[in-house]
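Please read the following as a walk through one protein chain, starting with its overall layout and ending with a few single residues. Keep the structure in view while reading.

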Amino acid sequence: MENNPTVTQEMEKAIPIANQVFIQIFQECLLPRGLTPYDLFNEIDADKSGEITLQELRDGLFVKFSIELTDEEFAAVCLVADSDGSGNIEMNELVQILQRGESAEAAADRVFHQLWQTLTLKGMRVTTLFH
């Protein structure tokens, strides 16, 4: 399956979409509430089975955290998050995907701050660039 170019193309398309969702989950679910990925998993694991179905993830994000995924976002998250193809997300899979969101957010934050410093050092009025 790894040699299948269609799967590779689908994954390449899905990763940036899924990463945006993971950043959103990190920013809107974890940070403001002081939750860990483990807390989030336990909140969403409605039947307390130790695994969450992909639909449980979608429903839990909406009901508990007001995050509504589009069909495209949901498909991308399913492809990326369900790494073993089981149809369920285990605790370690959720932790890994949320760490992707944290890492992507941190990288974007670093780029923004580097840009800000560069423009400020060059004497540009940074605030006018964002109006």
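This is a predicted model. The chain contains six helices and two strands. The chain has 131 residues, and 31% of them count as buried. If we take the contacts between residues at least 6 apart in sequence, 58% of them join residues at least 24 apart.

Next comes the interior. In soluble globular proteins, nonpolar side chains tend to be buried together. The largest nonpolar core in this chain has 28 residues, and Ile25, Leu40, Leu57, Leu61 and Leu94 are those with the most contacts inside it. Two or more residues of this core come from each of helix H1 (5-33), helix H2 (37-44), helix H3 (54-65), helix H4 (71-81) and helix H5 (91-121). The largest share, eight residues, is given by H1.

Cys29 has a relative accessible area of 0% and is buried. Cys78 has a relative accessible area of 16%, and it counts as buried because the cut-off is under 20%. A disulfide is a covalent bond between the sulfur atoms of two cysteines. The structure holds zero disulfides.

Helix H3 can be followed from one end to the other. It has 12 residues, and the distance from its first C-alpha to its last is 16 Å, close to the 16 Å expected at 1.5 Å a residue. Which residues of H3 are buried? They are Leu54, Glu56, Leu57, Arg58, Gly60, Leu61 and Phe65. Two of the residues named for the most contacts inside the core, Leu57 and Leu61, are in this list.

After H3 comes Ser66, with a positive phi. Most residues other than glycine have a negative phi, and most peptide bonds are trans. The phi of Ser66 is near 60 degrees. Ser66 lies in the loop between H3 and H4, and it counts as exposed because its relative accessibility of 60% is over 50%.

Lys48 also has a positive phi, near 55 degrees, and is a residue other than glycine. Its place is the loop between H2 and strand S1 (51-53). Is Lys48 buried or exposed? Lys48 counts as exposed, because its relative accessibility is 58% and the cut-off is over 50%.

The last stop is Glu93, which is in helix H5. With a relative accessible area of 4%, Glu93 counts as buried, because this value is under 20%. A polar atom of the Glu93 side chain lies 2.9 Å from the backbone nitrogen of Glu90. What else is in contact with Glu93, leaving aside its neighbours within four places in sequence? The residues are Ala81, Asp82, Ser83, Asp84 and Asn88.

How values were computed:
Residues are numbered from 1 along each chain as its sequence is written. This is a predicted model: local features need pLDDT of at least 70, side-chain atom pairs count only at pLDDT 80 or more; totals for chains, interfaces and linings use all residues. Side-chain values use heavy atoms; hydrogens and water are left out. Helices (H or I, at least four residues) and strands (E, at least two) are DSSP runs, numbered from the N terminus. Buried means under 20% relative accessible area, exposed over 50%, partly exposed in between (1.4 Å probe, protein chains only). Contact means heavy atoms within 4.5 Å. A disulfide is a pair of cysteine sulfur atoms within 2.5 Å. A nonpolar core is a set of buried Ala, Val, Leu, Ile, Met, Phe, Trp, Tyr and Cys residues joined through side-chain atoms within 4.5 Å. The expected span of a helix is 1.5 Å times one less than its number of residues. A polar contact is a pair of N or O atoms within 3.5 Å; within protein, one must be able to donate a hydrogen and the other to accept it, and residues adjacent in sequence count only if both atoms are side-chain atoms.
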